[in-house]
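Work through the exercises below with the sequence and the structure side by side.

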Protein chains: 2
Amino acid sequence: MATIRDVSRESGLSIATVSRAISNPEMVSKHSLQRVNEAIEKLQYKPNLSSQKFRLQRTNTIVVLVPNIANLFFAQLISGIEDVAARRGYNVLLGDTRDSVTRESEFISLVETRQADGLIQLRPHDDDAPLPDPTIKAVNAGGCAGTPYHSVRIDNIEAASKVVKYLLSLGHTRIGVISGLSNNRHSIDRLQGYKQALESAGIAYDDEIIVEGDFSLWSGFNAVQHLSQVANKPTALFCMSDDMAIGAIKGLKEKGLQVPEDISVTGFDDIDVANYYDPALTTVRQPAVKIGEKAAELLLQMIEGETPKVQEYILPYELISRESTSAPKRV
Amino acid sequence: MATIRDVSRESGLSIATVSRAISNPEMVSKHSLQRVNEAIEKLQYKPNLSSQKFRLQRTNTIVVLVPNIANLFFAQLISGIEDVAARRGYNVLLGDTRDSVTRESEFISLVETRQADGLIQLRPHDDDAPLPDPTIKAVNAGGCAGTPYHSVRIDNIEAASKVVKYLLSLGHTRIGVISGLSNNRHSIDRLQGYKQALESAGIAYDDEIIVEGDFSLWSGFNAVQHLSQVANKPTALFCMSDDMAIGAIKGLKEKGLQVPEDISVTGFDDIDVANYYDPALTTVRQPAVKIGEKAAELLLQMIEGETPKVQEYILPYELISRESTSAPKRV
DNA sequence: CTGAAAGCGCTTACAG
DNA sequence: CTGAAAGCGCTTACAG
């Protein structure tokens with residue numbers, strides 16, 4: 001492979017001049033520029049950016065830690081990140097961590113070993129987790145309250161409370177929950193929102209109708225099997241992801257129940273399929289792409305040496321009412 | 001940040017010895033090793049892998065070109081790639097190209113500029129597209145017949161033909177198609193399979209019931225609007241992706257049609273939600289994870305200097321029959 | 001087992 | 001506008 005030295009030899013100019021012709025053409029005479037370009041063309045020269053990065057101590061790469069790449073909410077968020085990164089000349093290294101601490105720290109070490117300039121964490125912060133090394137530029141996207149570094153997210157507690165209040169307003173008083181893993185911060189915050197809504201309506205919290213899932217289709221389906229055992233059955237189900245809502249509806253249908261006629265179901269995220277499911281899902285729309293864009297802007301700002309004034313950017317969510325909810329049946 | 005020179009100074013050993021203690025501990029005396037490790041610990045030293053890569057002219061990074069990261073089939077394929085890559089110590093740089101030629105060539109240039117060792121292309125090869133530079137190590141995954149470089153895929157023609165024959169065997173004789181973009185190779189191959197199946201049954205091809213989509217939910221929904229205009233309506237629909245099948249079913253239901261009672265619908269890929277939709281989708285299961293694993297193995301083999309014997313790996317698919325298909329109604 | 005030295009491919013302050 | 005030279009942080013053949 002041709003190197004800058006070959007171009008220098010071919011053009012009869014020093015490597016310094018060749019380097020300038022490439023990076024700062026205005027510093028070089030037209031004549032030299034021409035000769036350099038001819039040599040580059042002839043030799044099919046491509047600069048070794050790995051060398052350049054090393055020399056400049058800058059990688060123009062950011063890493064994104066994704067708990068699960070097959071989750072459409074994350075996919076959308078990532079497109080937002082990529083748009084901004086690409087526009088600013090950064091590459092995005094995607095780390096599919098699958099909730100494995102080992103894999104996650106491998107990706108973090110990309111930053112520590114200077115193969116990347118910073119990272120965006122998509123997993124909500126976990127209080128037990130060690131703080132990220134403060135010398136590492138990091139932003140949390142789509143996470144929760146209490147993240148101890150820069151973050152971009154919606155207000156999960158409020159959003160959850162809003163959906164549940166909506167169900168209450170339809171007349172439901174017995175509202176079940178299919179949550180994510182119980183130690184996941186999203187589960188915790190959204191459950192808190194649920195409790196707040198119940199409390200404001202003077203309804204007692206009953207953990208018999210709270211079932212733990214893991215945000216997946218399967219876990220929603222499975223949760224319904226548990227719920228069908230309880231004596232005093234809910235007339236509505238608040239699911240903490242659209243996937244779980246879909247799984248749950250599938251399970252309910254298999255038990256011969258109609259949604260929303262027999263039981264209302266709500267999701268969370270508003271992934272594409274939410275609108276195409278039957279019934280179309282009532283859900284909370286997170287501004288996934290915007291969260292990604294904002295997080296990327298924030299990180300690039302930090303990488304470029306600025307200190308963002310705001311620690312937390314809270315973006316607006318939206319309650320989308322579709323077909324999966326209605327007033328409870330009169331008995 | 002501490003460099004190897006700092007560790008050398010701290011430990012009182014040469015940088016050569018420090019380097020060896022890190023990369024080849026067995027070449028160094030126990031005593032030296034101990035002193036180096038103490039110094040590393042004390043200084044919180046992390047080797048600059050960007051420098052190391054440059055020095056070794058190896059990046060241990062592969063890039064994966066994904067047409068659309070929000071497509072679950074790709075997401076699964078990518079997990080297969082990542083598993084193998086991680087196990088072998090490679091990083092995966094994900095390039096979400098969104099079918100943009102510009103973005104794609106930016107990612108390819110990562111390999112040309114030696115920031116990555118090779119690439120896996122997830123977009124099916126397009127005959128008009130320039131051949132990849134033969135000096136670049138590249139593998140196509142999940143693509144189509146006629147890819148001019150190494151590839152791992154299913155036999156799309158045969159798989160499509162098999163689904164259509166299945167519909168024929170149920171008694172359907174008027175089978176519509178919702179295809180991907182008509183210049184996409186997957187669309188071309190699967191349409192060919194469709195034609196073969198019709199031909200073997202002595203049924204004439206009628207392009208009035210072939211509608212072009214783009215593999216998305218929305219395009220499936222939209223295609224149904226077109227199909228509802230034709231005089232002689234199909235009793236079954238062969239959709240070239242699960243997303244389009246779901247979109248189509250949603251559209252049919254809105255027109256008051258029952259699936260499969262009034263019309264049968266088949267998908268392609270078998271993404272997770274296929275089994276949770278109502279009705280659950282009859283579809284072709286592509287071994288997405290396996291395709292990814294095999295493609296990664298192939299690429300790493302090439303990067304490490306071997307020449308794979310086989311140019312094309314054809315993996316088995318599976319026809320999954322669920323609830324979205326049945327015999328046509330007697331009229 | 002250890003160290004001095006060359007070199008990977010670039011960029012850039014310095015001198016002219 | 002141009003070139004010689006130093007240096008980014010490592011690895012490794014060579015000599016001892």
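**Exercise 1. Find the strands that pair with strand E3 of chain B, and decide whether the residues of E3(B) are buried or exposed.**

Solution. Begin with strand E1 (residues 61–66) of chain B, which runs parallel to E3(B) and is joined to it by four bridges; two strands count as paired if DSSP finds at least two bridges between them. Strands (E, at least two residues) and helices (H or I, at least four) are DSSP runs, numbered from the N terminus. Within this pairing, Ile62(B) stands opposite Gly118(B) of E3(B). Next, turn to strand E4 (residues 138–141) of chain B, which pairs with E3(B) in the parallel sense over three bridges, and where Val139(B) stands opposite Ile120(B).

The model is a predicted one, in which local features need pLDDT of at least 70 and side-chain atom pairs count only at pLDDT 80 or more, while totals for chains, interfaces and linings use all residues. Residues are numbered from 1 along each chain as its sequence is written, and chains are lettered from A and ligands numbered from 1 in the order in which they are written.

**Exercise 2. Determine how chain A and chain B are related, and describe the contact between them.**

Solution. First superpose the copies by least squares on the C-alpha atoms of residues with pLDDT of at least 70 in both: a rotation of 180 degrees with 0.0 Å of shift along its axis brings chain A onto chain B, with an RMSD of 0.1 Å. The two copies are therefore related as by a two-fold rotation axis. In chain A, the C-alpha nearest that axis belongs to Leu93(A), at 2.3 Å. The same surface serves both copies, since 100% of the contact residues of chain A recur in chain B.

Then consider the contact itself, to which chain A gives 39 residues and chain B gives 39 residues, two residues being in contact if their C-beta atoms, placed from the backbone, lie within 7 Å. On the side of chain A that touches chain B, the elements that give two or more residues are helices H4 (49–56), H5 (72–87), H6 (101–112), H9 (217–227) and H10 (242–254), together with strand E2 (91–96). H5(A) gives the most to this side, with seven residues. By class, this side has 18 nonpolar, 10 polar and 11 charged residues, where Ala, Val, Leu, Ile, Met, Phe, Trp, Tyr, Cys and Pro count as nonpolar, Asp, Glu, Lys and Arg as charged, and the others, Gly among them, as polar.

**Exercise 3. Which residues come closest to DNA strand C, and which come nearest to DNA strand D?**

Solution. Start with DNA strand C, which is surrounded by 26 residues, the closest being Ile4(A), Ala16(A), Ser19(A), Ala16(B) and Ser29(B); a residue is near a strand if its C-beta atom, placed from the backbone, lies within 6 Å of it. H2(A) gives the most to this surface, with six residues, and by class the surface has 12 nonpolar, 11 polar and three charged residues.

Continue with DNA strand D, where, of the 26 residues around it, Ala16(A), Ser29(A), Ile4(B), Ala16(B) and Ser19(B) come nearest. Here H2(B) gives the most, with six residues, and the surface again has 12 nonpolar, 11 polar and three charged residues.

**Exercise 4. Locate the backbone features at Pro260(A), Pro260(B) and Asp270(A).**

Solution. Most residues other than glycine have a negative phi, and most peptide bonds are trans. The bond joining Val259(A) and Pro260(A) is cis, with omega about 10 degrees, and Pro260(A) is placed in the loop between H10 and strand E9 (264–266) of chain A. In chain B, the peptide bond from Val259(B) to Pro260(B) is cis as well, with omega near 10 degrees. Asp270(A), although not a glycine, has a positive phi of about 60 degrees; Asp270(A) lies in the loop between E9 and strand E10 (283–285) of chain A and counts as buried, with 25 C-beta neighbours inside 10 Å.

Note on methods: A residue is buried if 20 or more other C-beta atoms lie within 10 Å of its own, exposed if 12 or fewer, and partly exposed in between; C-beta atoms are placed from the backbone.
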